[in-house]
Amino acid sequence: MINDILRAAVIAGEAHIGQRRKYTNEPYINHPMRVALTISNIFPEDHEAICAAILHDVVEDTEVTEQMLRSAFSGRIVDIVMMVTKRSSKDKDGDRAARKAIDLKHYACGSPVAQSLKVADMMDNAKDVADRNSAFA
């Protein structure tokens, strides 16, 4: 249980090394760790949900692949990560509105844990933008 959480933190930390948040310029890893803290408050006994929260951006934003995660974690952890990972592609799925529609449909099919994780992710992202971009209001 704790070993999975530590492994998730190490993998995410290494995958996101050198990445910075757009509005805060803080190390990127702070974001998934905040999302994981939110998830741990909602699902305190669900270590797989906490692991998925820590890992939630690695497939989308780093060189880590779904297969790499499957070799390191239980199927449920990876399934949750993939439920919150965008499915659309700029190269083949049209304009931003079309891609958003594809991704929203994908997220809507996610488990309750995945949907909670996505909301926690969006809340953390929105807070960064709202706090630092006066045009956001």
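Visitor: Does methionine 1 count as buried or exposed?
Guide: Methionine 1 has a relative accessibility of 66%. Buried means under 20% relative accessible area, exposed over 50%, and partly exposed in between, using a 1.4 Å probe on protein chains only.

Visitor: Where is methionine 1 found?
Guide: This is a predicted model, in which local features need pLDDT of at least 70 and side-chain atom pairs pLDDT 80 or more, while totals for chains, interfaces and linings use all residues. Residues are numbered from 1 along each chain as its sequence is written, and side-chain values use heavy atoms, without hydrogens or water. Methionine 1 lies in the segment before helix 1 (2-15).

Visitor: How many Å apart in space are methionine 1 and glutamate 45?
Guide: In sequence, 44 residues separate methionine 1 and glutamate 45. From C-alpha to C-alpha, their distance in space is 10.0 Å.

Visitor: How many helices does the secondary structure of the protein chain have?
Guide: Helices (H or I, at least four residues) and strands (E, at least two) are DSSP runs, numbered from the N terminus. From that end the elements run α-α-α-α-α-α-α-α. There are 0 strands, and the number of helices is 8.

Visitor: Why is helix 3 described as largely enclosed by the rest of the structure?
Guide: Helix 3 covers residues 47-55. Its buried residues include His47, Glu48 and Cys51. Helix 3 is largely enclosed because its buried residues number 9 of the 9.

Visitor: Which residues does leucine 69 touch?
Guide: Contact means heavy atoms within 4.5 Å. Leaving aside residues up to four places away in sequence, leucine 69 touches Leu55, Val58, Val59, Val64, Val78 and Val81.

Visitor: What radius of gyration does the protein chain have?
Guide: The radius is taken over C-alpha atoms, and the globule rule is 2.2 Å times the number of residues to the power 0.38. For 137 residues, a compact globule would come near 14 Å. The chain agrees with this, at 15 Å.
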